[in-house]
Amino acid sequence: MALYAELHRHLGGSVVPRVLWRYFERHSSELISRFTEYSSFEEFYTRKRNTLDEYLELHTLVEKVQTVKTLPYFIYRLVRGAYIFENLAYLELRYTPYLRTPEDLSQSERIGKMTEIVEIVGKASQISEYPIITSQILCMHSRLPYEVNKAIVDLAAQNRQYVCAIDVAGGDSYYGERLEEWVQLYDYALSLGLNTTGHVYETTAGCYPQLLPYMNRIGHGIQIPLLYPELLPELAKRNQCLEVCPTTYIKTGTLEDIRQLKLVFDRCFAAGVDIAICTDNAGLHNVRLPFEYENLLTYDIINFEQLQACQDAAFRHAFAWPYNQRPASLLHGLLQPEPLIHS
Ligand SMILES: [Zn+2]
């Protein structure tokens, strides 16, 4: 069995439509009262949006129901699905802990509650029947104030048993107004010895060369090979890996045709920049990791050899994978059959 690593998946976008529907049916049926049946809900939930903003709006629907009480319910189903249907050996799960705390509390009370969220997510992800190695990436958010984002970095540093890195999310067109602040926060995270990634160069409005040197990996980054290929040698030199999430760009209207990604892969391979293929929001898209792989092959964007290179890169760039190679190679070494001895 081939085993895969997933480096870019949001907790909010990980809930597959069927699980969310069942949850609403049981607990808050008023939220789905306008849908006559499951299929119309699924259509609404997974349909293509016109912009990244519109797409991110949908996340708030799930964030609201992911609370201290319900997180274990959703995470159990997420890890079970990832193990059974996606053959994941390794999963980095990302989210903004502040957005899972009760909205009616003050900012400082909500900051105080974030530790509990990290612990709950960490404990709920360890399921003995579905032994995936998991770790968390805590996302700072473009709409949250500096104090909250700094507290998220501190929280990551204080919970290394559960957290492997920090990220920034919330729409890459909004960082420009506070660029100095983001540079400062990333610099601070690196000074604490944290790994870093960030949603940048996803859309044409989200290109900030000033942030690139602060990131170990780049969340999306597809506009670099598409619009600024002259930056690729620097990325290669810094050993930065792009987390490319093919279905996202269609769902957000960033790309019109998935075949536009061929240039992304071709230019990165040529420049020696690694790519990890990821899902971003496997539930929201209803597209799991093996189908992301299959789509890229079907549209001749990559070949099987390149796919394997990307799958290997995902393990190499994983922040908390404890081995130095992917499990298929480990198993291959361990399970070589002994030669049969005939008596
Ligand atoms: Zn993302």
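**Notebook: buried charges, rings and a zinc site**

I start with a definition: a residue is buried when its relative accessible area is under 20%, exposed when that area is over 50%, and partly exposed in between, using a 1.4 Å probe and protein chains only. By that rule I looked up E243, and at 0% relative accessibility E243 counts as buried.

Some ground rules for my notes. This is a predicted model, where local features need pLDDT of at least 70, side-chain atom pairs count only at pLDDT 80 or more, and totals for chains, interfaces and linings use all residues. Residues are numbered from 1 along each chain as its sequence is written, and side-chain values use heavy atoms, with hydrogens and water left out.

**Entry 1: salt bridges**

Side chains of opposite charge can pair when their charged atoms come close. I call it a salt bridge when a side-chain nitrogen of Lys or Arg is within 4 Å of a carboxyl oxygen of Asp or Glu. I found a count of 14 salt bridges by this rule.

Which residue meets E92 in a salt bridge? I found R217, with 2.7 Å from N to O. E92 lies in strand β2 (residues 88-95) and R217 in strand β7 (residues 217-220), so this pair ties together parts 125 residues apart in sequence.

Stepping back, I saw E92, R94, D167, R217 and E243 linked in a network of salt bridges.

I then looked up R316, which forms a salt bridge with D274, the closest N and O atoms being 3.1 Å apart. R316 sits in helix α14 (residues 304-317) and D274 in the loop between α11 (261-271) and β9, 42 residues apart. Is R316 buried or exposed? At 52% relative accessibility, R316 counts as exposed.

For a metal, I count as donors the N, O and S atoms within 2.8 Å (3.2 Å for Na, K and Ca); water is not among the atoms, so sites may look incomplete. I found the zinc ion coordinated by H8 (NE2), H10 (NE2), H199 (NE2) and D280 (OD), at 2.1 to 2.3 Å. H10 is in strand β1 (residues 4-10) and D280 in the loop between β9 (275-277) and α12 (282-285), 270 residues apart. I noted both H10 and D280 as buried.

**Entry 2: aromatic rings**

Rings of Phe, Tyr and Trp (its six-membered ring) pair if their centres lie within 6.5 Å; planes under 30 degrees apart count as stacked, over 60 as edge-to-face and the rest as tilted. I found 20 aromatic pairs in the structure. One of them is Y23 with F74, a tilted pair at 5.0 Å centre to centre and 55 degrees between the planes. Y23 belongs to helix α1 (residues 17-27) and F74 to helix α4 (residues 71-84), 51 residues apart. I looked up their relative accessible areas too: Y23 is buried at 9%, and F74 is buried at 3%.

Definitions and conventions. Helix = DSSP H or I, 4+ residues; strand = E, 2+ residues; numbered from the N terminus.
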